[in-house]
Each structure stands twice: as structure tokens, then as C-alpha cells.
Amino acid sequence: MTEPVIDLQNGAVAIAGRPILRGIDLTVGSGDFVALMGANGSGKSTLVRALTGLLPLATGELRLFGTPFGAFHDWRRIGFVPQRGGAGSGVPASVWEIVASGRLTHRRLLRPLGRRDRAAIAEALEVVGLSHRAQEGVTTLSGGQQQRVLIARALAGEPDLFFLDEPTAGVDLPNQQVLADTLETLSQRGSTIVLVAHELGPMAPLIDRAVVMRDGRIAYDGPPLASAEVATAHLDGHHHHHDVPVRHDHAPHVSSLLDGAP
Amino acid sequence: MSDFIDLLGYPFMQRAIIAAVFTGLAAPAIGTYLVQRRQALMGDGIGHVAVTGVALGLLTHASPTWTAVVVAVLGAVLIEVIRERGHTNGDVALALLFYGGLAGGVLLTGLAGQSANRLNEFLFGAITTTSRTDVIVVMVLAAVIVLVCVGLAPQLFAVAQDQEFARVAGLNIRFYNVLVAVLAAVTVTVAMRTVGLLLVSALMVVPVATSQQVTRSFRSTLGAAMVLGTVASTGGLLLSAYTSNYARVAPGPTIVLVALAGFVIAWPVGVFLRSRRRLRQPFPVVEVAAHEVIDEHPHDHGRDCGHVAVEHGDHVDYVHGGHRHAVHGQHYDEH
């Protein structure tokens, strides 16, 4: 039995004294592809921010790769793709420079980039299909391409565990497809992926497990759901349930995946 | 002209040139990070706070440079704390700090029995009265600023670009934020002798604004800003020295105006480059059901035909009178 990659027991998060997340138990095993879903304000992004340490836990215990979070310093094992809004800044930056900052977890202070760093950066750009635009200013790219740059930045650090916060929000369908292909590549390499998403779109077939948040609690934790079911997942009961009816006439692409699932 | 050459031979002028070179290198280096963080006015704010530091030095007969360093650093850290707390009216709090700093400084100078002229040296610079020790202090502090800004560039860049990402990469965000604030404060006091506290922000920000008109990457912006800053500060100093025979030309404002002149020259170039880049953005590849063929085309498109050539998938479209013409065998297609 290998150690779970993420293990959060009885987690709670309060922001400025107001309880936001309560009673979160979440265990993610190595190689899992988990989608965190739920309505706006349900706490899915807050949960990812708590899991990455950006927000402190009010109660509960978080272990990453078996290490209690307080003692966790192995940041190179984590790749974080924040919600977009930050590919540009006050000064021009090239695509390559943004992706290169993903290597920081591997670099010592005051050391130049080594050959391995450059290879990892080139490969990350290759995976997201932006090698030919490496020298361009990041703000000249479309929103979907900028999102791919941010994923390449996380990829460049060669992490084992990815957190992606709404990578497809406001991204057109062709770019969503490229993102989905990228995530499929990562998943096949054995990476663990925690994806926050409102809509899965082309990523739906990749998901192993859906966790639906509602009002700061986990309302559902089990096999993937069709998007229409996400809104009603909490109505079936108060407990996590793992056996949901596998009937999705309105979304055949999801049902075909579930039919083949064990 | 020979007067000018003679002038360059004087020790006070040589000290001034050294101070100008070091200030011109250091101020845009830290300025690039401030602009990246969208804190272009931070230097201005610290400059105001530093006025109180100078006045404290005059009042206590301590070195105004060192009291200015201490007060500016304290002010910068306080600004950083206010910013980090993310108060909705943070900019108002900053404004209070700035005006308090300036008013306090002027008041204390009066109490110290010093004339406004003495304070003016610090407000608008007095590079030609720089003493030997002043120059050494400027050199050492400027060298530290440049080394940190260039040496820690990957970390400082990442923190300014995306705080949350940098934190999950294990960087100590607060340390780097305070470091930038402290470096900005030290830069302000370094540049105090050259361009003065009220104009120091210009030397930090204007070369950056100029260089980013033509650059596409952070490293080239940083490098070009440092070169431009040095050119502006030494050029402005020499210009004011050269014209000093004919009129009273203060070096501080001259340096800032030379830097601004650089921006005025670079700006149209930037506008041109950006519009050209936009015109040449590849057209998206979309499957189209049918395409129109142009029957008679009086003109052969090609390299240097004068029409903008834009990549479109595996071929090139020529933009011609609002149309997109693509070669197809012997004729052109309307794309």
C-alpha cells in the first residue's frame, strides 16, 4: 500500500474569521485524476488553495506525500497552475521566461540555468505546443495560449502532483482540447492531477473521480458525473456515495466512459 | 569647448560623473521590478518619506545620507506592510505617509535652523557638491543594488510575476517583497545626490518605460533600462556642465529631461512595432466550406510586393485592400 499523495482529515478553512470549508476529508492516491467541481462559491478553489498551503487550515491535518504539511519542503514535487489573470505584468516577459520560472524549485540561489533546466523548459513548451512562440511576449498570446504557458511553467518543474485551478475558464474549444491533450499526457506519465473545473468539456473522458463541493463541504465523491448531475449531487443524501446510477442519455461521451469503468 | 574639457578635469566633476554612472545603473535595475509589480510610484513615495530622514540628519547634525537611508527603509517596509495587508484604501494610507514625510521634513529643517537652500540640495540633487566619502557610499550601495537585482533576478521575477505560484514553488514571498522595498529605499538615497528626492522616481521608472517600448522579454528590458539610465544620467550631467557657461542649468532636472527625451523618441517606435506585430499575427486556421476564386488579378504578390504577408496555417495570405489573397495554383483565392 503506497502512501496517498494528498491526505486531508477533517480540514476546515476560515477566511477573516468566517468558516468557509468545514469537515473536509480528502485522500488522493498516486496517479489519480480528480476533478473538484461545484458551483461558484462552493469552495473548490479555496480547497485547492488550502491543499497548496496558500491558505492556512483552521483545523485538521494535511499530509502531502506522507509528510505533515508543516514539515513539507519538497516543493519540486508540486506543480501549481493558478487561476488565470496573471500571465502579463507591468514589464514585458517572454513565454520562455515565464516557463523558465517553473524551474525555480530545482535551482539553487545565484546559479545559472543548467543544461537539464533548459531541456525541461524546452520539453514543457513542446508538450503544450508553444515551442515556436517561446521568444514572443506573453501578452501577444491569446487567453487560451497564455493558460497553456502557465501549464508549461508548472510542467517545467517536473512535479509529481499538479493542481490546476480552473484552467479552462474563458478558453475557447480548440485551446481546451490542447489543454486536455496535455493533461492526458501527464496522466499517462503517472502524474497525480487535481483539477478545479466548472465545466469539464474535452477533459471529461480523462477524469477518474469527481469531488463535488457545495457550500464549503464535500457533497459527492465518486465516479465522474455528467455536468447536469453536479448541480444535484447533494440532493441524494448527506454522505459520500460511490454508487451512482450510470445513466447519462443526455451526455453520451460520459456514459460510454463509465460503462467501461470497473 | 576647451572650457568644457577643462571642467571635466576637476575632481568635483569626476566625482559627479562616477556618481551619475552608478546611480544610472542602479536606479532602473530596481525600477524594473517596481514597474513589473505595478508600483511605479513607490520610489516617489519613498522619496517623500526620505525628506524627513534628511531633515532629522540636519537637526541632529548626523550625516543626512545615513539618516535618510534609515528613515527611507523604515518607510518602505511600512508601505510594504500596508500593501500586504491589502487594505481597500491602501493607496490612501500611502498618500498619508507621503505627505506626512514631506511636511515633516520641511518642518524639521526649519526647526534645525537650516535654510531652504540646504534642503533643496536633497530635493533636487546637488551632484557637483558630492564629497569623496559620498561618492564611495554611492558606489558601494549602487553595486549592492545591481548585484542583488541581477543575481536574484529569477526569484524576484517570479515573485513579481505571480505571487501565488512563487509561494507554491517554496519561495519566501515576504522576504522578497521586503527585499524589493528595502532596495528601493536604498536606491532613493543613492540617487538623492544625483537627481534629488523629488525626481528620483523618474530615474527609476522612465528608462524602464523607454526600454519596454522595443523589448519583448524581461531580461532585455532590465538590461536596456540600465544602459538607458546610465546614458541619461551621464548625458544629462555632461549636458548641464557643457551649458553651464551660458546659463544656470541644474544637473538633476537635466538628467530627468534627457531620460524623458529618450522616451519621447522611443514611444513612436514602440507604437510602430506593436501595430506591425498585430498586423502580422497569423490568421487562425479554421475549416471553411467554400472559397472564392479571384478571376483576374492585376498584381503578382510576393516578397517585397508591398502588401503585408500574414501566416495562415501552411501558407501566406497577402492583405490587399481589406482582402486576404492566397496563392492557389495559377490564381489567387479569397481567404
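**Exercise 1. The second largest pocket**

How many nonpolar, polar and charged residues does the lining of the second largest pocket have?

*Solution.* The model is predicted, and the values in these exercises are computed from it.

Step 1. Begin with the space itself: the second largest pocket has a volume of about 580 Å³.

Step 2. Identify the residues around it. The lining consists of 25 residues, and B:Glu84, B:Gln163, B:Arg167, B:Ile173 and B:Asn177 are the closest to the centre.

Step 3. Assign the lining to elements. In chain B, helix H4 (64–85), helix H8 (153–161), H9 and H10 each supply at least two residues.

Step 4. Sort the lining by class: six residues are nonpolar, nine are polar and ten are charged.

**Exercise 2. The largest pocket**

Determine which residues lie closest to the centre of the largest pocket, and which element gives the most to its lining.

*Solution.* 

Step 1. The volume of the largest pocket is about 970 Å³. Its lining comprises 25 residues, and those closest to the centre are A:His132, A:Arg133, A:Gln145, B:Gln281 and B:Pro282.

Step 2. Elements of both chains take part: H4 and helix H5 (173–188) of chain A, and helix H13 (251–280) of chain B, each supply at least two lining residues.

Step 3. The element that gives the most is H13(B), with four residues.

Step 4. By class, this lining has nine nonpolar, seven polar and nine charged residues.

**Exercise 3. The cavities**

*Solution.* 

Step 1. Consider the largest cavity, which holds about 80 Å³ of space. Its lining has 13 residues, and A:Ile78, A:Gly79, A:Gly102, A:Thr105 and B:Phe165 lie nearest the centre. Two or more lining residues come from each of strand E6 (78–81) and helix H4 (143–156) of chain A, and helix H9 (163–168) of chain B. E6(A) gives the most, namely three residues. The lining of the largest cavity divides into seven nonpolar, four polar and two charged residues.

Step 2. Turn to the second largest cavity, with about 50 Å³ of space. The residues that line it are B:Thr65, B:Asp134, B:Val137, B:Val138, B:Leu141, B:Thr189, B:Val190 and B:Arg193. Helix H7 (132–151) and helix H10 (173–192) of chain B each supply at least two of the lining residues, and H7(B) gives the most, with four. In this lining, four residues are nonpolar, two are polar and two are charged.

**Exercise 4. The interface of the two chains**

Find how much area chain A and chain B bury between them, and which residues of chain A lose the most area to chain B.

*Solution.* 

Step 1. The size of an interface is often expressed as the accessible area that is lost when the parts come together.

Step 2. Chain A and chain B bury about 2700 Å² between them, with 59% of this on carbon and sulfur atoms. On the side of chain A, A:Val91, A:Pro92 and A:Leu104 lose the most area to chain B, together 21% of what that side buries.

Step 3. List the contacts. In chain A, 33 residues are in contact with 30 residues of chain B.

Step 4. Examine the polar links. The rule finds ten residue pairs in polar contact across the interface, both residues being at pLDDT 80 or more. Two or more residues of the side of chain A that touches chain B come from each of E6 and helix H2 (95–100) of chain A, and H2(A) provides the largest share, three residues. By class, that side has 14 nonpolar, 13 polar and six charged residues.

**Exercise 5. Salt bridges**

How many salt bridges does the rule find across the interface of chain A and chain B, and how many are found over all chains?

*Solution.* 

Step 1. Across the interface there are three salt bridges. The side chains of A:Glu97 and B:Arg219 meet in a salt bridge, at 3.8 Å from N to O.

Step 2. A search of the whole structure finds 19 salt bridges over all chains.

Step 3. Consider a pair in chain A: A:Arg103 forms a salt bridge with A:Asp117, and the closest N and O atoms are 2.8 Å apart. This pair links distant parts of the chain, 14 residues apart: A:Arg103 is in the loop between H2 and helix H3 (115–127) of chain A, while A:Asp117 is in helix H3 of chain A.

Technical notes
Residues numbered from 1 in each chain as written. Chains lettered and ligands numbered in written order. Predicted model: local features only at pLDDT ≥ 70, side-chain atom pairs only at ≥ 80, totals over all residues. Heavy atoms only, no water. 1 Å grid on protein atoms, 1.4 Å probe; cavity = no way out; pocket = protein on both sides within 12 Å on 5 of 7 lines; lining within 4 Å. Points joined across faces, edges and corners; volume = space filled by probe spheres on them. Nonpolar A, V, L, I, M, F, W, Y, C, P; charged D, E, K, R; others polar. Contact = heavy atoms within 4.5 Å. Buried area = accessible area lost by both parts, 1.4 Å probe. Salt bridge = Lys/Arg side-chain N within 4 Å of Asp/Glu carboxyl O. Polar contact = N/O pair within 3.5 Å; in protein donor to acceptor, adjacent residues only side chain to side chain.
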